[in-house]
Structure formats: structure tokens, C-alpha cells
Amino acid sequence: MSRIKLLPETLASQVAAGEVVERPASVVKELVENSIDAGARAIEVGIQRGGMSRIRVVDDGYGMDRDDALLSLERHATSKIASAADLAAINTLGFRGEALPSIASVSRFRLTTREHGAVAGTEILVNGGRIETVRDGGEAPGTQIEVRSLFYNVPARRKFLRSETTETRNIEHQFFLQALAHPAISFSLVREDKIALQLPITTSLRDRIRDIYGAELLDDLLEILSRDRGGLQVRGWIGRAGVSRQTRSQQFVFVNGRAIESGILSTALREGYHTALMRGQFPVTCLFVELDPREVDVNVHPAKREVRFRDPARVREAIVEAVQRTLESGRADWQRKFSAPVPAIGGTTSAGAEAVERVSSQTPGGIMATPSRAEITEWDSVRRSSFAVPSQSASQLPPLGDRGDSPPIEVNRAYFEPQVEPRRDQQFQIIGVLNRLYVLMENSDGLVLVDQHAAHERILFEELRRRMEEQGVPSQRMLLPQIFSLPPRDAEWVEHNVATLQKMGIGIESFGANSFRVDSLPTFLEVADAAGFLRKVIDELKTTSHSSSPLRLGEDMIAKTVCRHAVKANDPLRYPEIEKLIRDLLACDLPYCCPHGRPTMIQISHAELEKKFGRKV
Ligand code: ADP
Ligand code: MG
């Protein structure tokens with residue numbers, strides 16, 4: 001007895017719909033993609049009740065004649081590819097010829113379309129995959145598709161829908177993705193018959209980002225310095241070091257204009273950010289990868305969410321490099337803020353400063369006076385020997401708590417010294433220390449708060465990394481070598497990374513099955529139980545290191561260890577120490593976040609202060 005049956009067309013479409021149309025947002029995605037492929041200049045997306053009761057997409061693209069309109073509802077009917085060769089180099093968003101029949105099979109569907117210049121258009125009504133009406137339609141040129149009661153005939157699917165709010169959020173995410181990828185198309189979003197968002201045509205991605213997320217987000221972003229690498233280009237905008245989100249909601253990646261979710265790309269982003277991203281956080285990116293369509297296979301996933309690269313390593317490298325270069329470029333911004341002289345007190349910048357001067361010249365000792373350069377240098381030379389900020393050599397780090405025998409001087413004392421003329425070329429003025437943790441200072445842009453602990457971590461981190469790259473971290477022999485064993489998988493990991501560990505100053509070697517012998521440790525480490533310490537570090541490194549690159553591994557290792565040795569939050573520092581800390585910080589590659597991605601400095605601009613005090617609206 002034969003058991004195999006050919007599925008009726010409608011049922012086959014419903015099966016296919018299971019893959020293509022997961023939720024209302026997927027309908028929006030497919031319809032908007034079709035409008036983009038049809039050369040639309042304006043696209044309107046209307047939704048009701050999270051798209052569950054109605055989705056409508058209207059475009060001014062080239063439309064279809066009646067034959068095409070009917071054909072577009074057949075499975076495997078597409079105008080976008082015709083041969084296997086076309087499949088190898090796709091440059092449209094669609095190509096599978098599945099979306100319209102799939103959507104029409106699980107909803108009450110209405111298509112009206114009209115070619116530009118045609119006397120009349122066509123209207124087709126479909127109900128659960130069955131064409132019910134075909135007639136002339138009188139809409140404007142372009143195409144309009146309305147999808148009502150999604151999944152009304154597939155209760156199993158309907159049950160999986162989430163709340164109206166969640167579905168709306170998913171739709172908006174899709175909408176933003178498409179809008180970001182196509183700034184030259186105007187987009188509008190209509191929610192429950194009210195216009196929720198209108199995005200005008202623009203030539204720049206920057207404007208599109210601002211129109212969607214507001215100007216504040218732009219302040220947090222840097223434009224990728226793009227560089228053509230043999231036809232492979234990475235461009236767009238990414239969050240500054242230290243800017244991150246708890247979810248991927250603002251991590252947008254596009255490959256040839258198509259929004260993609262790709263493990264390879266996410267990992268590359270993470271690697272590019274590395275210490276500039278807090279653990280467990282996600283970067284903010286609007287990143288475009290452009291390459292020859294023949295280099296990427298988009299026919300991998302039914303919803304076209306994933307792609308396969310012919311040379312994934314090349315794409316990864318391009319992204320890592322672009323992200324790193326861009327983040328470092330952000331440093332120029334900070335340097336600019338710190339390179340202009342701070343307006344001298346009583347200068348011409350604001351009436352407020354004059355008032356302060358009046359007060360300070362009347363008060364004996366003038367509260368706002370700043371120590372002169374000469375004075376600082378003097379402190380410097382007297383107390384240099386007891387500096388706690390080791391930027392020249394990490395190995396010469398004095399142990400914490402031992403900073404010479406003179407008691408620490410509270411930094412703000414300097415401000416009560418007899419009034420001195422502030423130097424006009426001073427790039428920042430230290431005002432004091434708040435809560436024994438935050439250094440308050442003034443630069444040309446306004447007020448800056450520096451987390452002294454985070455700052456010190458960053459300085460130590462970069463110093464150690466430099467040493468590791470140059471000559472390896474100096475290590476110190478232990479009095480008694482220690483032998484310890486590890487679980488097989490950890491042991492395998494260590495075997496694999498022995499050379500890197502040695503370069504990091506850990507004298508480790510294999511000592512029989514799953515056993516190791518450690519006889520030296522980096523000089524900057526002071527641990528009583530070397531084996532215990534290593535077990536812990538190895539465990540952490542194993543889980544946090546995404547890549548096996550020795551440099552990255554070394555960075556992770558350093559980031560793990562420096563924290564313990566950086567200036568503790570409430571270690572009182574002396575004035576010259578603080579000054580040196582700030583100077584060393586500004587000389588770092590990534591001065592604005594610690595090796596764990598937390599910010600080291602917060603700038604509050606004059607403009608922000610004026611706004612807060614109601615001087616300016
Ligand atoms: P695909 O996009 O993969 O080709 P679809 O099922 O999404 O498959 O669409 C089928 C065909 O219908 C498309 O190839 C296109 O020719 C036509 N079509 C769909 N939407 C539109 C539209 N908005 N404007 C013009 N033509 C469209
Ligand atoms: Mg399509």
C-alpha cells in the first residue's frame with residue numbers, strides 16, 4: 001500500500017509558512033523587503049494590536065500587473081532569480097519566492113497593486129491560502145498588502161504569540177533594522193492608526209540614527225573609519241569604549257544591506273571591543289559589511305537571517321580591526337578636551353567665574369586657587385620616590401599601603417594654599433577627591449570625574465600588555481615550586497597555551513599526566529597559594545577567552561590580575577600622584593574605560609551644567 005501523498009498546495013504553503021512566518025514581525029520583515037526590492041522610495045508600515053489583528057505595508061515601488069500579481073501568490077514564484085548562477089550572487093533581499101504565498105496561507109490577505117502609468121490596478125483577496133476575489137483596484141501606483149487575523153487558521157502558532165507589547169516591540173525592531181539599512185527610503189510607522197514615527201529620506205546613516213534614537217545616542221557613537229580591504233568594506237557607527245547595553249537590542253549588523261544574526265560577527269565585535277566592553281554586556285553597533293555577493297551565501301536560513309561566508313576569517317579580521325581602530329580614534333576626542341587650556345579663573349568665559357574670583361580674592365587663601373606648576377613640580381621632586389602610580393614600570397610597583405612614610409596629604413589642601421596665579425596653559429585642574437574615590441577636575445570642556453581605581457587599572461593594564469608584547473612579563477622565582485593537577489579538559493587547555501602563559505611571566509611546565517609544575521610568577525603578583533591562584537585564573541580564562549590568540553589571552557589574564565593590584569577605591573593619594581595618574585591615563589590607548597569595560601571618566605560639559613542650572617534651555 002502506498003503511504004506517500006503529495007501535499008495539497010495550500011497545506012504545503014502552510015508548512016513553509018512555519019519557517020518563514022514565525023510572528024507578526026516576520027510578516028513585516030518580508031513585506032518591507034519586497035517593497036525595498038521593488039525600488040520603493042517611501043514605505044509605510046501600519047500595525048494594530050501588535051500586528052496580530054492587522055499589518056499593512058504600503059509602498060510606491062514599481063507595482064505589478066495582474067498576471068504578476070496572481071503569480072506572486074504561487075509558491076516558488078519570484079522575479080528575482082532565474083538560474084542557479086543567479087543564486088550564487090544574490091543582490092536582492094528576496095529570492096525564495098515563498099513569502100507571499102506563505103503569509104497568504106495563514107491569514108486574511110489583501111493585495112492591491114498598480115504599475116506606474118497603468119490605467120487600473122489589481123486587487124486580490126485571499127483567505128487562508130484560497131484566492132477568493134480578483135478585481136480592478138483603484139489605489140495609487142505601488143503595492144499595498146494587508147494581512148489580517150494572522151494565524152487565524154493555525155491555532156498552534158497563535159498560541160506561541162507573546163503579548164501585544166512584545167510583538168509590537170519585535171515589529172519595531174524589524175522596522176528599525178530596515179530603516180537603518182536604507183536611509184534613502186522614507187519610512188513611517190503607524191500604530192493603531194496614529195503615526196508613531198516618521199523618518200524622512202536622508203543621504204546619511206548618521207541622520208537616520210538620530211531620527212530613530214535621538215541626538216544623545218550619537219554622542220555615544222563613533223563613525224567607523226572604513227578601509228577597503230580587497231573589496232571588503234566595514235562601515236557604520238559603533239558605541240564608544242564603555243558604551244554598552246544589557247541586550248543585543250542595539251547591536252545591528254548588516255551584510256550587503258541585509259540584517260544578519262551571526263555568531264561569527266558577534267564574536268568579532270566582542271573581540272574588537274575586548275576590554276572596552278563590560279562583561280555580559282553587548283555593544284551598540286550599526287555596522288555594515290559590504291563584500292562581493294559571490295563571497296557570501298545567503299541561502300542558508302528560510303528567514304534569511306543567517307549567512308555563510310566563503311572566507312569567515314577574513315570578515316572576522318576586518319571587523320576586529322575596524323572596531324579597534326575606531327575605538328582608539330575616540331581617544332582623540334578626549335585628548336582634544338584635555339589639550340585646550342582650562343579657562344583661567346576670572347577669565348572671560350562666564351560671569352560665574354568672575355564672581356568666584358571676587359569671592360576668592362576676598363577670602364584669605366582664595367578657595368578656588370590652584371597650585372602653580374612650580375609648586376606641583378616641587379611636590380613632585382620631593383615625593384617622587386613615594387609615588388604609587390607606576391607607569392614606567394609595573395615591576396617596580398611598591399606594594400599597596402606602603403607609600404613612603406609621610407602621611408598622605410589630602411589633595412584639596414592645595415586649594416587652601418596662599419593664592420597663586422593659575423597657569424593659562426594648564427590642561428586640567430584638579431579640584432579635589434570625592435569620597436576618596438572620584439577625582440574631580442576641570443578641563444576645557446567642563447567638569448570631569450575620574451574613578452581613580454578604574455583609571456589605575458587601565459594604566460597598569462596597558463603597561464603590562466606593552467611589556468608582554470615587547471619582552472614578556474618579568475617573573476620571580478618562587479621559593480618552592482608547586483606541583484598541581486588539573487581536570488583533563490583544563491589540562492588540555494593549559495598544554496595548548498603554555499607558551500602564552502610563560503610569556504605572561506608564569507613559569508609553568510607539564511609534569512606528567514594532567515599535572516603541572518609552576519616555579520615562577522609575574523613580579524607584580526603576590527599570591528601565597530600559587531596553585532590555587534592558577535586554578536582559578538585558568539578556570540576564568542577558559543570561560544572568558546573567546547579566541548585562542550595569545551595576545552587576547554594575555555590581555556584577559558592581565559585584566560583578571562591587575563584589578564587586584566590597582567589603587568584601591570579609597571586609597572588616599574597625594575596631589576602629585578593624582579596628577580600623574582591623570583596624565584598617565586590620558587596617554588593610554590583607551591583611556592576612558594577600565595580593562596573590564598567600566599568607564600574611567602565622566603565628563604559633564606559646561607553646556608550640561610548650564611542646562612541643569614537653568615541658565616540655558
Ligand atoms: P521573493 O521576494 O523571494 O521573490 P515573495 O513571495 O516575497 O518572493 O514575492 C514574490 C514576487 O512578488 C517577488 O519576486 C516580486 O516580483 C513580487 N512582489 C512582491 N511584493 C512586491 C511589491 N511590494 N512590489 C512589487 N512586486 C512585489
Ligand atoms: Mg520577498
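**Contacts, aromatic pairs and ligand surroundings in a predicted model**

Apart from neighbours within four places in sequence, His-274 is in contact with Arg-552, Glu-555 and Asp-556, contact being defined as heavy atoms within 4.5 Å. The structure is a predicted model, in which local features need pLDDT of at least 70, side-chain atom pairs count only at pLDDT 80 or more, and totals for chains, interfaces and linings use all residues. Residues are numbered from 1 along each chain as its sequence is written, chains are lettered from A and ligands numbered from 1 in the order in which they are written, and side-chain values use heavy atoms, with hydrogens and water left out.

His-274 is located in the loop between helix 10 (263-273) and strand 14 (282-283); helices (H or I, at least four residues) and strands (E, at least two) are DSSP runs, numbered from the N terminus. With a relative accessible area of 15%, His-274 is buried. Here buried denotes under 20% relative accessible area, exposed over 50%, and partly exposed the range in between, with a 1.4 Å probe and protein chains only.

Arg-310, by contrast, is exposed, its relative accessible area being 63%. Arg-310 lies in the loop between strand 17 (308-309) and helix 11 (312-339). When residues up to four places away in sequence are not counted, Arg-310 touches Arg-294 and Glu-295. The C-alpha atoms of Arg-310 and Glu-295 are 5.3 Å apart, although the two residues are separated by 15 residues in sequence. The side chain of Arg-310 also reaches the backbone oxygen of Arg-294, at 3.5 Å. Such a polar contact is a pair of N or O atoms within 3.5 Å; within protein, one must be able to donate a hydrogen and the other to accept it, and residues adjacent in sequence count only if both atoms are side-chain atoms.

Across the protein there are 19 helices and 24 strands, and buried residues account for 50% of the 617 residues. Of the contacts between residues at least 6 apart in sequence, 70% join residues at least 24 apart.

Aromatic rings were examined next. Rings of Phe, Tyr and Trp (its six-membered ring) pair if their centres lie within 6.5 Å, and planes under 30 degrees apart count as stacked, over 60 as edge-to-face and the rest as tilted. By this rule there are 6 aromatic pairs. The ring centres of Phe-175 and Phe-187 are 5.7 Å apart and their planes stand at 85 degrees, so this pair is edge-to-face. The pair links distant parts of the chain, with Phe-175 in helix 7 (residues 164-181) and Phe-187 in strand 7 (residues 186-191), 12 residues apart. Both Phe-175 and Phe-187 are buried, and together with Phe-176, Tyr-213 and Phe-252 they form one aromatic cluster.

Ligand 1 is surrounded by 18 residues, the closest being Asn-34, Thr-78, Ser-79, Lys-80 and Gly-97, where a residue is near if one of its heavy atoms lies within 4 Å. Helix 5 (residues 99-105) contributes the largest share of this shell, 3 residues. A nitrogen atom of ligand 1 is 2.9 Å from an N or O atom in the side chain of Asp-59. An oxygen atom of ligand 1 lies 2.8 Å from a backbone N or O atom of Gly-97. The protein covers 95% of the 530 Å² of accessible area that ligand 1 has on its own.

Note on methods. Accessible areas come from the Shrake-Rupley method with a 1.4 Å probe; for residues, only the protein chains shown count as cover.
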